Each structure stands twice: as C-alpha cells, then as structure tokens.
2 protein chains.
Amino acid sequence: MINIGFDVFGGDNSPNAAVAAAVKFAKENGDVKITLYGKEAIINDLISEEISNIEIVNATEKIEGNDEPTIAIRRKKDSSMVIGANALKNCEVDCLLSAGNTGALVAAGVFIVRRIKGIDRPALPGLMPSTNRNKPVMLLDLGANIEAKEEHLMQYAKMANIYMQSILQVKEPEVGLLNIGAEENKGTDLYKNTYQNLSASELKFVGNIEARDILTTKHDIIVMDGFTGNMVLKTLEGSIALFNDTLKSVFLANIKTKIGALLVKSRLKSFKENMDYKEIGATPILGLNKLVLKAHGSSDERAFYSALKSAKVMIEADLINEMKRGLENE
Amino acid sequence: MINIGFDVFGGDNSPNAAVAAAVKFAKENGDVKITLYGKEAIINDLISEEISNIEIVNATEKIEGNDEPTIAIRRKKDSSMVIGANALKNCEVDCLLSAGNTGALVAAGVFIVRRIKGIDRPALPGLMPSTNRNKPVMLLDLGANIEAKEEHLMQYAKMANIYMQSILQVKEPEVGLLNIGAEENKGTDLYKNTYQNLSASELKFVGNIEARDILTTKHDIIVMDGFTGNMVLKTLEGSIALFNDTLKSVFLANIKTKIGALLVKSRLKSFKENMDYKEIGATPILGLNKLVLKAHGSSDERAFYSALKSAKVMIEADLINEMKRGLENE
C-alpha cells in the first residue's frame with residue numbers, strides 16, 4: 001500500500017489546510033495511507049473522526065520559513081521535516097511532501113535522503129501553466145543551487161526530460177535554454193557552452209528561449225541556473241500579484257465598475273484558473289534518491305489536495321526508478 | 001542653442017513616428033534644434049512644411065534590429081546611428097537619441113563616443129514605473145554587459161545615484177541590490193560582496209530587493225548584473241503583454257463582457273497610463289563621455305515625443321558633466 005509522508009507543519013496555511021486536505025484525500029483513496037508529521041495534539045484536534053488510513057507521527061519542532069536551511073536541518077532534529085526525511089530514508093514512506101522552507105527541504109534531501117549517483121546537484125523545478133499548452137511547462141532550476149556549471153545544466157535537462165516522459169507522458173519532450181536572445185552565441189560562457197552541449201545531446205533541443213516567452217511557450221522544458229530561475233520566478237510572482245491587485249481595485253472602484261466586474265467575471269475566472277498553480281500539485285526535487293515533493297508555500301486546502309494527488313501519481317509511475325534507469329542509460 | 005541629434009531610422013515605428021514627433025517637438029520648442037539622421041529623401045517626404053529648427057543629415061544605411069552590434073558599427077559607416085554617433089563625438093550635437101538596436105547603440109557609445117574616465121563599462125538603465133512611487137525607479141544594468149564584476153556593479157550604483165540626483169531631483173537616492181532574498185548572505189559571491197561594498201559606501205543602501213517587489217518598490221535604484229537585468233526585464237515585458245492580451249480577449253468575448261469593458265474602461269486606463277513606458281521618455285546609456293539616449297524599440301509618436309522632451313531636460317541639467325564631477329569626487 002502506498003504510503004505518503006506529509007509534513008503538515010510547513011507553509012503559510014499549515015497545519016489546518018494541510019490536515020483538511022489529507023483527511024479528504026485519505027477518505028477518497030482507501031488504497032493510500034498518509035503519514036502526517038507534526039505536533040500530534042494539534043493534528044488530532046483538527047481530525048474529528050477516526051480515519052484508518054491516516055497515521056500521525058509526533059514532531060515537537062517546526063522549521064520556520066526564515067530558518068537558515070542547513071543549520072535548521074542539523075539542529076531541529078525533532079522537526080516535522082527532518083523526521084519525515086528520515087522516515088523516507090528508512091523506507092517507512094514512499095515520499096515526503098512539504099510546503100515548508102524550500103532551502104531546508106532541499107538540504108534535507110541532500111543530507112538525509114541523498115542524491116542519485118551521478119547527479120552532482122539536485123534541481124528545484126517549477127511546473128508552470130502556459131497559455132499555449134494544455135500541459136504545464138517545467139522550468140528548472142528555480143533555486144536549489146545558486147551557482148551552476150555546464151554539467152549541472154545538462155543534468156537538469158536530462159532529469160526534466162525523464163519527468164516529462166514518465167509523469168506527463170510527453171514522448172519526446174522539447175527542451176529549451178533560457179537565454180537573453182535567440183541566437184546560439186548569446187549569453188554568458190555558461191549559456192553559450194550549454195547551448196552547444198544541448199545541441200550535441202540526445203535531447204530534443206529547440207534552442208534558446210527568451211524570458212518574455214515563458215508564459216506562452218509551446219515547449220516542455222526550460223533550463224536555467226538557479227540564480228536566474230529564482231529571479232524569473234519572483235518577477236512572475238510579482239507581476240501576477242500586481243495584476244490581481246490592480247483588477248481588484250479597478251473593479252471595486254465604484255458601482256459602475258462593480259457591475260462591469262460582474263459582466264466579465266466568468267471569463268476572467270477561466271483565465272485565472274488556467275494560470276493557477278493550485279491545480280498543478282507538487283513538484284519533485286529532482287536528483288534525489290527518493291521522492292521529495294515541494295508544495296507551494298501558500299498552498300491552501302485545494303492546493304494541498306492536488307499535491308497529494310500528484311504524489312500518488314509519481315509514486316505509482318515509479319518516478320525515482322525511472323529517473324535512475326534513465327540516467328544510467330546515458 | 002541646444003542641438004538634439006536624432007537617429008530616426010531605428011525602432012519598430014521609424015522613421016514615420018520618429019519624424020512626426022520631431023516635427024511636433026521642433027515647432028513647440030523654438031529654442032531647440034533637432035538634427036535628424038536617416039535617408040534624406042524619405043524624411044523630406046514626411047515633412048510637409050518648412051521648419052527652421054530641423055536639419056536633416058543624409059545616412060544611406062540603417063542598422064537593423066538583428067545586426068550583430070560591433071560588426072554593424074564597424075561596417076555600416078554610413079548608417080544613421082554611426083553618423084549620429086560621430087557627430088556627437090565631434091560636438092556637432094549635444095546628444096544622440098535612437099530607438100534602434102540596443103547592442104549597437106551601446107557599441108557606438110563605447111567605440112565612437114567613448115567612456116568616462118574611471119568607468120570600465122557603461123550600463124543600460126531602465127526607468128520603470130512603480131505603483132508605490134510618483135517617480136520612476138531606475139533599474140540597471142539591463143544588458144549593456146552580459147557579465148559584471150563587483151567594481152562594475154558599484155559603478156552602476158554610483159552613476160544611477162548621480163542621475164537620480166541631477167535629473168529626478170532626489171536628494172538622497174535609495175539604492176537597493178536585486179537579489180534572491182533579503183538577507184545579506186544571499187546570492188552568488190558577486191552579490192554577497194556587492195552587498196558589503198554598497199553597505200560600506202557613501203550611498204544610501206537599503207539592502208537586497210527581491211524581484212517580486214520591483215513593480216511596487218518605494219526605492220529609487222535597483223542594481224543588478226546585465227544578464228539578470230535582461231532576464232527580469234523580459235519577464236516583465238512578457239507578463240505585461242500577456243496581461244493585456246488576456247484583458248482584451250476577456251473584454252471582447254461577447255456583448256455582456258463588452259459592456260463590462262465600457263464600465264471599467266476609464267479606471268483601467270489610468271492604471272495602464274501609470275505603468276506606461278511611453279510617458280517615461282528615453283534613458284541615457286550611463287558611463288559615456290557624451291549623452292547617448294535609448295528610446296524604447298517600439299516607441300510610437302507619443303513615446304518619441306517624450307524621449308525628445310527628456311533629452312532636452314538632460315542636456316539642460318548638464319547630466320554628463322554632473323556625472324563626471326560626481327565620479328571624480330569619489
């Protein structure tokens with residue numbers, strides 16, 4: 001029976017939204033067991049009924065969003081994240097899902113769960129909606145590593161390729177390189193050389209992709225170093241937040257605009273849903289020996305629910321072994 | 001009498017929009033002369049009347065958007081951009097304004113106009129609107145240099161500081177460093193060390209600024225390397241374009257949404273104007289011996305008009321000499 005390890009003390013809306021999603025998911029999926037890590041008394045208070053396929057493992061500490069990752073992992077031995085990572089390492093669960101401190105989760109992955117042989121650095125991907133695709137596009141690395149060398153970018157591309165094949169059933173994923181221009185001689189040496197390496201590889205490389213085309217790309221994978229990835233991701237977050245705020249203030253300005261809002265509401269909603277990370281679930285930290293899944297830090301119940309759904313999919317698709325096999329065949 | 005050199009064969013809407021803006025500006029500003037560089041016959045066809053303070057200098061070639069910058073500058077000696085740059089070098093005009101190929105304009109600046117002593121690399125700044133300021137914020141470098149060292153980032157900060165003081169009358173400009181987190185130990189070595197250097201400088205350093213806060217920042221200047229700057233700029237461009245497309249398709253969907261659009265129109269327009277680069281004018285390439293101004297590549301008549309307006313302001317404020325004096329006092 002599949003056993004999903006779930007750190008319910010991470011993210012802005014935990015433990016309440018996390019526990020609520022776990023209860024809903026456990027009830028609907030009798031073939032899945034969920035092991036919750038966190039303060040047992042608090043979790044118990046949130047679960048009003050007996051649910052046979054939920055287990056609670058007490059964790060007295062919590063890793064905070066502003067904790068320094070490696071220090072937190074070393075010192076907070078009794079935190080929900082570290083206990084969960086150790087359980088995963090010891091094969092007590094099939095994955096660890098957390099919406100907590102991203103850096104700490106990567107550190108727990110590297111130092112407790114360990115990397116796949118041949119992978120120097122794990123990558124943190126993001127699954128993004130694109131207006132020109134019905135499947136999300138994978139961007140990586142979004143900041144698991146601040147600096148990257150050529151071999152790392154190649155490893156990122158290969159891992160994303162395997163993910164797209166085994167989880168999203170894309171036969172020949174199209175791989176692009178984020179860069180400051182379309183031509184092959186653009187960018188820093190790291191990017192120029194990676195362009196050549198990707199061209200020479202077995203991957204279906206489609207060339208450079210400019211940042212202005214991320215939200216509308218037709219391709220499957222966009223590779224970048226973690227510093228750039230973090231910048232791009234946060235720029236997108238900032239603009240989306242500003243648009244939402246703007247629309248809200250425009251629509252709520254007066255009675256006329258409120259009526260206007262009502263008239264366009266359903267159309268706008270469908271766009272918003274299309275661009276919504278809450279439907280996308282969790283993303284695996286790629287390159288680890290076992291399945292560690294990151295849910296968005298501001299996940300609500302719906303986002304946690306789809307994160308659990310995607311955890312089940314990835315376990316059933318045997319993502320980690322696909323990854324190991326795929327990387328060995330290089 | 002001020003003499004604005006204007007390459008009217010650069011950008012998406014040249015020469016028509018560029019010439020139209022020049023005519024309007026020349027008529028309204030009898031104390032300014034405008035020297036237009038480009039194909040004389042075509043320009044003459046666009047000007048229906050005699051305007052005493054417009055001069056046309058014939059240039060048979062044009063640098064295209066996809067020309068390789070340094071090669072174009074070397075080979076297209078009779079292009080509007082190169083002729084204009086030489087005129088500026090020879091003090092025939094007080095500035096060169098162009099909406100053409102950015103890389104080529106930077107190259108023309110470095111190889112023809114030359115840098116200010118003590119500046120290793122010029123920087124391409126962008127003046128951006130922010131929802132929390134009534135003055136634009138200066139981001140730099142947006143890609144004049146693909147790679148930057150610590151001393152370059154410091155030079156960028158100092159030049160932006162002088163610009164903000166002498167052109168936008170900000171007494172003590174607040175300088176931030178774009179980075180992946182707020183804490184001082186964040187980012188690559190380049191960013192960690194720059195944090196320390198900025199802290200130790202005379203500048204009013206406010207710390208790291210995350211990319212998600214660019215559009216809403218209260219500070220005056222955000223410093224970054226050119227590769228990152230280009231990524232961030234294009235990510236913003238991409239999201240704004242998508243936002244506009246989405247609103248258009250939402251509002252034009254059916255009769256109900258069209259009425260909705262009418263009801264919110266004026267509110268939305270005021271937001272759009274607030275976020276509009278067309279009002280912002282041109283940005284100087286900082287670090288050059290004379291004033292070279294970049295207008296947005298998709299400038300229309302209104303944008304070119306405000307670019308001419310800002311050129312006049314910068315000449316009158318004696319920006320270049322302020323820059324030289326300010327850098328000498330270091």
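**A lysine at the interface**

Tutor: In this predicted model, the side chain of Lys234(B) makes a polar contact of 2.4 Å with the side chain of Glu210(A). Lys234(B) is part of helix H8 of chain B. Is Lys234(B) buried or exposed? Its relative accessibility is 10%, and the cut-off for buried is under 20%, so Lys234(B) counts as buried. Leaving aside residues up to four places away in sequence, the residues that Lys234(B) touches are Ile180(A), Gly181(A), Glu210(A), Ala211(A) and Arg212(A).

Now step back to the interface of the two chains. Chain B brings 47 residues to the contact and chain A brings 46 residues. The area buried between chain B and chain A comes to about 4,200 Å², and carbon and sulfur atoms give 77% of that area. There are also charged pairs to look at: four salt bridges are found across the interface of chain B and chain A. One of them is formed by Glu237(A) and Arg212(B), whose closest N and O atoms are 3.0 Å apart. Counting residue pairs in polar contact between chain B and chain A, with both residues at pLDDT 80 or more, gives nine. On the chain B side, at least two residues each come from helix H7 (189-200), helix H8 (226-251) and helix H9 (255-274). Which helix gives the most to the side of chain B that touches chain A? It is H8(B), with 18 residues. Sorted by class, the side of chain B that touches chain A has 23 nonpolar, 15 polar and nine charged residues.

Next, the aromatic pairs. Over all chains the count is eight aromatic pairs. Among them is the pair of Phe6(B) and Phe304(B), which is tilted, with 5.6 Å from centre to centre and 55 degrees between the planes. Because Phe6(B) sits in strand S1 (residues 2-7) and Phe304(B) in helix H10 (residues 301-316) of chain B, this pair ties together parts that are 298 residues apart in sequence. Phe6(B), at 0% relative accessibility, counts as buried, and Phe304(B), at 1%, counts as buried too. Another pair is made by Phe25(B) and Tyr305(B): the ring centres are 5.7 Å apart and the planes are at 70 degrees, so the pair is edge-to-face. Here helix H1 (residues 16-28) of chain B holds Phe25(B) and helix H10 of chain B holds Tyr305(B), so parts 280 residues apart in sequence are tied together. Both Phe25(B) and Tyr305(B) are buried.

In chain A, have a look at helix H4 (residues 80-89). Eight of the ten residues of this helix are buried, so H4(A) is largely enclosed by the rest of the structure. Those buried residues are Ser80(A), Met81(A), Val82(A), Ile83(A), Gly84(A), Ala85(A), Ala87(A) and Leu88(A). After H4(A) comes Cys91(A), with a positive phi near 65 degrees.

That brings us to the backbone. Most residues other than glycine have a negative phi, and most peptide bonds are trans. Ser14(A) and Pro15(A) are joined by a cis peptide bond with omega about 5 degrees, and Pro15(A) sits in the loop between strand S1 (2-7) and helix H1 (16-28) of chain A. In chain B, the peptide bond from Ser14(B) to Pro15(B) is cis, with omega near 5 degrees, and Pro15(B) is in the loop between S1 and H1 of that chain.

Gln169(B) has a positive phi near 55 degrees and is placed in the loop between helix H6 (150-166) and strand S7 (174-178) of chain B. Its relative accessible area of 57% makes Gln169(B) exposed. For Asp318(B), phi is positive as well, near 60 degrees, and the residue lies in the loop between H10 and helix H11 (319-328) of chain B. With a relative accessible area of 32%, Asp318(B) is partly exposed.

Technical notes: Residues numbered from 1 in each chain as written. Chains lettered and ligands numbered in written order. Heavy atoms only, no water. Buried < 20%, exposed > 50% of the residue type's maximum accessible area, 1.4 Å probe, protein only. Helix = DSSP H or I, 4+ residues; strand = E, 2+ residues; numbered from the N terminus. Contact = heavy atoms within 4.5 Å. Buried area = accessible area lost by both parts, 1.4 Å probe. Salt bridge = Lys/Arg side-chain N within 4 Å of Asp/Glu carboxyl O. Polar contact = N/O pair within 3.5 Å; in protein donor to acceptor, adjacent residues only side chain to side chain. Nonpolar A, V, L, I, M, F, W, Y, C, P; charged D, E, K, R; others polar. Phe/Tyr/Trp six-rings, centres within 6.5 Å; stacked < 30°, edge-to-face > 60°.
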